[in-house]
Amino acid sequence: MRVTHADDVMWMERAIELSRKCPPVDGAFSVGAIIVSADGEELAHGYSRETDAHVHAEESALAKLPADDPRLAGATIYSTLEPCSERRSRPLTCTQLILRSPIRRVVIAWREPSLLVADCVGVETLRAEGIQVEELGALAGQARAVNAHLLR
(Lines give C-alpha, C1' and ligand atoms only; values in the text may rest on other atoms or scores of the structure.)
Protein backbone atom coordinates (compact mmCIF):
# COMPACT_ATOMS: atom_id res chain seq x y z
CA MET A 1 0.00 0.00 0.00
CA ARG A 2 1.31 3.42 -0.95
CA VAL A 3 0.83 6.12 1.70
CA THR A 4 -0.80 9.23 0.28
CA HIS A 5 -0.69 12.80 1.52
CA ALA A 6 -4.37 12.39 2.49
CA ASP A 7 -3.41 9.38 4.65
CA ASP A 8 -0.67 11.41 6.33
CA VAL A 9 -3.10 14.25 7.06
CA MET A 10 -5.71 11.86 8.47
CA TRP A 11 -3.21 10.19 10.84
CA MET A 12 -1.73 13.52 11.93
CA GLU A 13 -5.19 14.89 12.71
CA ARG A 14 -5.73 11.82 14.90
CA ALA A 15 -2.37 12.44 16.61
CA ILE A 16 -3.42 16.06 17.26
CA GLU A 17 -6.61 14.75 18.88
CA LEU A 18 -4.47 12.52 21.12
CA SER A 19 -2.30 15.49 22.09
CA ARG A 20 -5.40 17.16 23.53
CA LYS A 21 -5.55 14.37 26.14
CA CYS A 22 -2.23 15.51 27.63
CA PRO A 23 -2.50 17.21 30.98
CA PRO A 24 -0.97 20.64 30.22
CA VAL A 25 2.05 21.47 32.38
CA ASP A 26 4.61 24.23 32.43
CA GLY A 27 7.89 23.07 30.96
CA ALA A 28 6.55 20.26 28.72
CA PHE A 29 4.87 20.08 25.34
CA SER A 30 1.59 18.24 24.77
CA VAL A 31 2.26 15.76 21.98
CA GLY A 32 0.37 12.90 20.35
CA ALA A 33 1.92 10.03 18.39
CA ILE A 34 0.59 7.12 16.35
CA ILE A 35 2.43 4.20 14.79
CA VAL A 36 0.80 2.97 11.57
CA SER A 37 1.76 -0.18 9.67
CA ALA A 38 2.58 -0.23 5.97
CA ASP A 39 -0.92 -1.55 5.24
CA GLY A 40 -2.59 1.36 7.07
CA GLU A 41 -3.39 -0.32 10.40
CA GLU A 42 -2.91 1.58 13.64
CA LEU A 43 -0.42 -0.43 15.68
CA ALA A 44 -0.13 1.79 18.76
CA HIS A 45 -0.59 5.34 19.95
CA GLY A 46 0.53 7.45 22.86
CA TYR A 47 0.57 10.94 24.21
CA SER A 48 2.69 12.99 26.57
CA ARG A 49 2.20 12.13 30.25
CA GLU A 50 -0.08 9.21 29.34
CA THR A 51 1.47 6.73 31.78
CA ASP A 52 3.63 8.94 34.00
CA ALA A 53 4.63 12.57 34.42
CA HIS A 54 7.70 12.22 32.17
CA VAL A 55 6.66 9.88 29.34
CA HIS A 56 6.78 11.36 25.84
CA ALA A 57 4.25 10.50 23.13
CA GLU A 58 6.60 8.56 20.84
CA GLU A 59 8.05 6.70 23.83
CA SER A 60 4.57 5.75 25.04
CA ALA A 61 3.50 4.46 21.61
CA LEU A 62 6.72 2.49 21.04
CA ALA A 63 6.49 0.90 24.51
CA LYS A 64 3.16 -0.70 23.58
CA LEU A 65 4.77 -2.90 20.90
CA PRO A 66 7.47 -5.57 21.09
CA ALA A 67 10.72 -4.18 19.68
CA ASP A 68 10.87 -7.10 17.24
CA ASP A 69 7.31 -6.68 15.93
CA PRO A 70 7.78 -7.34 12.19
CA ARG A 71 5.15 -4.73 11.29
CA LEU A 72 7.45 -1.95 12.53
CA ALA A 73 9.81 -2.40 9.56
CA GLY A 74 7.33 -0.78 7.17
CA ALA A 75 5.62 1.45 9.71
CA THR A 76 5.37 5.21 10.01
CA ILE A 77 5.33 7.10 13.29
CA TYR A 78 3.25 10.27 13.29
CA SER A 79 4.15 12.82 15.95
CA THR A 80 2.64 16.24 16.42
CA LEU A 81 6.07 17.60 17.40
CA GLU A 82 9.60 16.88 16.22
CA PRO A 83 11.00 13.94 18.25
CA CYS A 84 13.16 15.19 21.10
CA SER A 85 16.92 15.11 20.75
CA GLU A 86 17.67 16.20 24.32
CA ARG A 87 16.09 14.96 27.51
CA ARG A 88 16.61 15.21 31.26
CA SER A 89 13.99 12.75 32.51
CA ARG A 90 15.05 9.56 30.68
CA PRO A 91 18.29 8.03 29.41
CA LEU A 92 17.09 7.87 25.76
CA THR A 93 15.56 10.62 23.65
CA CYS A 94 12.62 9.95 21.35
CA THR A 95 14.99 10.34 18.39
CA GLN A 96 17.19 7.57 19.83
CA LEU A 97 14.16 5.35 20.52
CA ILE A 98 13.02 5.72 16.90
CA LEU A 99 16.53 4.98 15.61
CA ARG A 100 16.65 1.80 17.73
CA SER A 101 13.36 0.65 16.19
CA PRO A 102 12.85 -0.71 12.66
CA ILE A 103 10.71 2.35 11.78
CA ARG A 104 12.12 4.20 8.78
CA ARG A 105 9.50 6.92 8.24
CA VAL A 106 8.53 9.76 10.56
CA VAL A 107 5.87 12.41 9.93
CA ILE A 108 5.68 15.54 12.11
CA ALA A 109 3.41 18.58 12.24
CA TRP A 110 6.00 21.07 13.51
CA ARG A 111 9.57 21.41 14.67
CA GLU A 112 10.34 21.96 18.32
CA PRO A 113 10.87 25.68 18.94
CA SER A 114 13.84 26.93 20.97
CA LEU A 115 11.72 27.26 24.10
CA LEU A 116 12.67 24.32 26.33
CA VAL A 117 15.68 23.08 24.37
CA ALA A 118 18.03 25.55 22.69
CA ASP A 119 18.39 23.56 19.46
CA CYS A 120 16.36 20.40 18.87
CA VAL A 121 18.02 18.38 16.12
CA GLY A 122 15.63 15.43 15.97
CA VAL A 123 14.77 15.87 12.29
CA GLU A 124 18.40 16.38 11.25
CA THR A 125 19.58 13.38 13.28
CA LEU A 126 16.89 11.09 11.87
CA ARG A 127 17.59 12.18 8.29
CA ALA A 128 21.35 11.73 8.77
CA GLU A 129 20.62 8.12 9.77
CA GLY A 130 18.55 7.47 6.63
CA ILE A 131 15.10 7.94 8.14
CA GLN A 132 12.54 9.57 5.84
CA VAL A 133 11.07 12.59 7.65
CA GLU A 134 8.04 14.47 6.33
CA GLU A 135 6.76 17.74 7.76
CA LEU A 136 3.05 18.59 7.48
CA GLY A 137 3.37 22.33 7.94
CA ALA A 138 -0.29 22.87 7.06
CA LEU A 139 -1.20 21.19 10.38
CA ALA A 140 1.47 22.93 12.47
CA GLY A 141 -0.96 25.59 13.69
CA GLN A 142 -3.34 22.96 15.09
CA ALA A 143 -0.49 21.18 16.87
CA ARG A 144 0.84 24.48 18.25
CA ALA A 145 -2.63 25.49 19.49
CA VAL A 146 -2.64 22.49 21.86
CA ASN A 147 0.51 24.00 23.38
CA ALA A 148 -0.85 27.51 23.93
CA HIS A 149 -0.04 27.10 27.64
CA LEU A 150 3.67 27.30 26.71
CA LEU A 151 3.58 29.67 23.75
CA ARG A 152 1.97 32.76 25.25
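In what order do the 5 strands of the open sheet run? The legends below describe a predicted model.

**View 1. The open sheet has mixed pairing.** Its strand order is β2-β1-β3-β4-β5. β2 (42-47) and β5 (132-135) are the edge strands, each pairing on one side only. From one strand to the next, the twist averages 15°. β1 (residues 32-36) runs antiparallel to β2, with 5 bridges between them. I35 stands opposite A44 in β2.

**View 2. I16 sits in helix α1 (residues 5-19).** I16 is buried, at a relative accessible area of 0%. Beyond its sequence neighbours up to four places away, I16 touches T80, L139, Q142, A143 and V146.

**View 3. R87 and E59 form a salt bridge (2.7 Å, N to O).** R87 lies in the loop between β3 (76-81) and α3 (94-100), and E59 in helix α2 (residues 57-63), so the pair ties together parts 28 residues apart in sequence. Both residues are buried.

**View 4. R90 also forms a salt bridge with E59.** Their closest N and O atoms are 2.7 Å apart. R90 belongs to the loop between β3 and α3, 31 residues from E59 in helix α2. R90 is partly exposed at 23% relative accessible area, whereas E59 counts as buried at 15%.

**View 5. The side chains of E124 and R111 meet in a salt bridge (2.9 Å, N to O).** E124 is in helix α4 (residues 122-128), and R111 in the loop between β4 (105-110) and α4. E124 is partly exposed at 39%; R111 is partly exposed at 31%.

Methods
Residues are numbered from 1 along each chain as its sequence is written. This is a predicted model: local features need pLDDT of at least 70, side-chain atom pairs count only at pLDDT 80 or more; totals for chains, interfaces and linings use all residues. Side-chain values use heavy atoms; hydrogens and water are left out. Helices (H or I, at least four residues) and strands (E, at least two) are DSSP runs, numbered from the N terminus. Buried means under 20% relative accessible area, exposed over 50%, partly exposed in between (1.4 Å probe, protein chains only). Contact means heavy atoms within 4.5 Å. Two strands pair if DSSP finds at least two bridges between them. Axes are lines fitted to C-alpha atoms, for helices over the stretch in contact, and angles run from 0 to 180 degrees between N-to-C directions. A salt bridge is a side-chain nitrogen of Lys or Arg within 4 Å of a carboxyl oxygen of Asp or Glu.
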